[in-house]
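Thanks for coming, everyone. Have a look at the screen before I start.

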Amino acid sequence: MKTLTLIATCTATLLTLAATQATAKMDPYVQSALQDICQSAKSDNVMRMNKTIKSYRLDHETVALNVVCNQQDIISFAYDNGASKTAERLQQSVGETKITDLAMQTSF
């Protein structure tokens, strides 16, 4: 009986925390920054996007890896809206990913 009560209490607590996070409001400054950055990426004007990113004291890599516009990462969002110049600029900031098999490099 104690186990059932404990499970019910834990479940209720988790559901309450999840509901609180879902209804949490975003800081107006952050919301404005995200909207401006998404709009500038959509504009296909690299200079405008650079100026917007700098105005919020961010760097391109942070924006490319963390900003989501309309449930898409910002690079995909820009490509889908025909903004290939800004999408390519953001893609360059991420760089290339290299996978190295360390097991193949070791010699016995």
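α2 is followed by Asp44, and the phi of Asp44 is positive, near 65°. A word on names: helices (H or I, at least four residues) and strands (E, at least two) are DSSP runs, numbered from the N terminus. Asp44 sits in the loop between α2 and α3. Asp44 is not a glycine, yet its phi is positive. Most residues other than glycine have a negative phi. Asp44 counts as partly exposed, because its relative accessibility is 22%. The cut-offs: buried means under 20% relative accessible area, exposed over 50%, and partly exposed in between, with a 1.4 Å probe and protein chains only.

Now the ground rules. This is a predicted model, in which local features need pLDDT of at least 70 and side-chain atom pairs count only at pLDDT 80 or more, while totals for chains, interfaces and linings use all residues. Residues are numbered from 1 along each chain as its sequence is written, and side-chain values use heavy atoms, with hydrogens and water left out.

The overall picture next. The chain holds seven helices and two strands. Read from the N terminus, the order is α-α-α-α-β-β-α-α-α. The chain has 108 residues, and 21% of them count as buried. Contact means heavy atoms within 4.5 Å. Take the contacts between residues at least 6 apart in sequence: 54% of these join residues at least 24 apart.

Back to α2. This helix covers residues 28–42, which is 15 residues. From first C-alpha to last, α2 reaches 21 Å, close to the 21 Å expected at 1.5 Å a residue. That expected span is 1.5 Å times one less than the number of residues. Which residues of α2 are buried? Ala33, Ile37, Cys38, Ser40 and Ala41. Seen down the axis of α2, they fall within an arc of 165°, so they line one face of the helix. The arc is that of the directions from the helix axis to the C-beta atoms. The buried residues of α2 pack against α3 (46–55), α4 (60–66), β1 (68–69), α5 (74–80) and α6 (84–94).

On to α3. Its buried residues are Met49, Thr52 and Ile53. They cover an arc of only 95° around the axis, which puts them on the same side of α3. On the other side of α3, Met47, Lys51 and Lys54 are exposed. The buried residues of α3 pack against α2, α4 and α6. Look at Thr52. With 13% relative accessibility, Thr52 counts as buried. Leaving out residues up to four places away in sequence, Thr52 touches Asp36, Ile37 and Ser40.

Then α6. Here Thr86, Ala87, Leu90 and Ser93 are buried. Seen down the axis of α6, they fall within an arc of 120°, so they line one face of the helix. Lys85 and Gln92 are exposed on the other side of α6. The buried residues of α6 pack against α2, α3, α4 and α5. After α6 comes Gly95, with a positive phi near 85°.

How do two helices meet? Two packed helices are described by the angle between their axes and the distance between the axes. For α3 and α6, the angle is about 50° and the axes are 9 Å apart. Axes are lines fitted to C-alpha atoms, for helices over the stretch in contact, and angles run from 0 to 180 degrees between N-to-C directions. α3 and α6 are therefore oblique to each other. Angles under 35 degrees count as roughly parallel, over 145 as roughly antiparallel, 65 to 115 as roughly perpendicular, and the rest as oblique. From α3, the contact uses Val46, Met49, Asn50 and Ile53, and from α6 it uses Lys85, Thr86, Arg89 and Leu90.

Two last residues. Phe77, in helix α5, is buried, with a relative accessible area of 6%. The C-alpha atoms of Phe77 and Ala41 are separated by 8.2 Å, though the two are 36 residues apart along the chain. Beyond its neighbours within four places in sequence, Phe77 contacts Cys38, Lys42, Cys69, Asn70 and Gln72.

Finally, Gln71. Gln71 lies in the loop between β1 and β2 (72–73). Its phi is positive, about 60°, although Gln71 is not a glycine. Is Gln71 buried or exposed? Exposed, with a relative accessible area of 76%.
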